[in-house]
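Please open the structure in your viewer and keep the selection tool at hand. The tour below goes from one selection to the next and says what is found at each stop.

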Amino acid sequence: DYPEQLLPVEPYYFGLWLGDGDSRNAALTMHERETVEVASRLMEEGYHTQVVPNGPVGGKGRRVRVYGRTKWDSRGPAHALRQLGVIGNKHIPLAYLRGSIAQRRALLAGLMDSDGTVDWWGRCAFDNTNRGLADGVAELVRSLGVGCSLRHHHRAAPGRADSWRACFTPTWSPF
C-alpha cells in the first residue's frame, strides 16, 4: 500500500497509451465504437482530445489525438511521455508500479481497456508483443495482491510476432 505519487501522466490514459498508443507521440488508435467513451474519460481527466479517421477511407479505425491537460499547457502529454523515457520504449516506469492502489488500478484499467480480455469465469488476460510491457503488467497485478502468470506464445507463421499473456483472476473489475 504505497502513498499516492505525483505522476506526470494520468495513470488511466498512460495505460491506454501503453496498449493502444502511438510509440512516437501521445495519440491513441482504436475502433470507432470505443472513441466516444475514451475521449469522454480523457476529457474528465482534463485532457483535450480530437478524434480523426485512421486507416482506409470508410474504415472503422480512429486516431484519438491527445493534447495538454489545460488549455495553456502547450507541451501536452507527449512531452511528459518523453520525460518518462517511454517514447519508442514502452514500459511501466517504477513510479507507476509504486503508486497508490487507486493509481495502480487506474493504470491497469487503461491497459486492460486497450489490450485486455475477460472470460465467462472472470479470468483476465493482457496480451502484447512487448515482453517488457507484459512483465510490467504481471508485476503491477501482483502488487495489487493478485496472482499472475505469464505465458509465451510462439508464432511460427512468417510476419507474426511472438506474444506474451499475463493471466490473472482479480476480485474487482480491472476494466
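Select helix 1 and helix 5 together in this predicted model, and you will see that helix 1 passes helix 5 in a right-handed crossing. The two helices, which span residues 11-20 and residues 101-115, pack at an angle of about 30°, and their axes are 7 Å apart. Because angles under 35 degrees count as roughly parallel, helix 1 and helix 5 are described as roughly parallel to each other.

Now show the side chains where the helices meet: on the helix 1 side the contact includes Pro11, Tyr12, Phe14 and Leu16, and on the helix 5 side it includes Ala106, Leu107, Leu111 and Asp115. The residues of this contact divide into nine nonpolar, five polar and three charged.

Stay with helix 1 and select residues 11-20, where ten of the ten residues are buried, so that helix 1 is largely enclosed by the rest of the structure. Among these buried residues are Tyr13 and Trp17. At the N-terminal end of helix 1, select glutamate 10, which caps the helix with a side-chain oxygen lying 3.0 Å from the backbone nitrogen of tyrosine 12.

Asparagine 128 is placed in strand 5, residues 124-128, and counts as buried because its relative accessibility is 12%. Leaving aside residues up to four places away in sequence, asparagine 128 touches Leu133, Ser163 and Trp164 as well as Asp115.

Definitions and conventions: Residues are numbered from 1 along each chain as its sequence is written. This is a predicted model: local features need pLDDT of at least 70, side-chain atom pairs count only at pLDDT 80 or more; totals for chains, interfaces and linings use all residues. Side-chain values use heavy atoms; hydrogens and water are left out. Axes are lines fitted to C-alpha atoms, for helices over the stretch in contact, and angles run from 0 to 180 degrees between N-to-C directions. Helices (H or I, at least four residues) and strands (E, at least two) are DSSP runs, numbered from the N terminus. Angles under 35 degrees count as roughly parallel, over 145 as roughly antiparallel, 65 to 115 as roughly perpendicular and the rest as oblique. A crossing is left-handed if the near helix is turned anticlockwise from the far one by less than a right angle, and right-handed if clockwise. Contact means heavy atoms within 4.5 Å. Ala, Val, Leu, Ile, Met, Phe, Trp, Tyr, Cys and Pro count as nonpolar, Asp, Glu, Lys and Arg as charged, and the others, Gly among them, as polar. Buried means under 20% relative accessible area, exposed over 50%, partly exposed in between (1.4 Å probe, protein chains only). A polar contact is a pair of N or O atoms within 3.5 Å; within protein, one must be able to donate a hydrogen and the other to accept it, and residues adjacent in sequence count only if both atoms are side-chain atoms.
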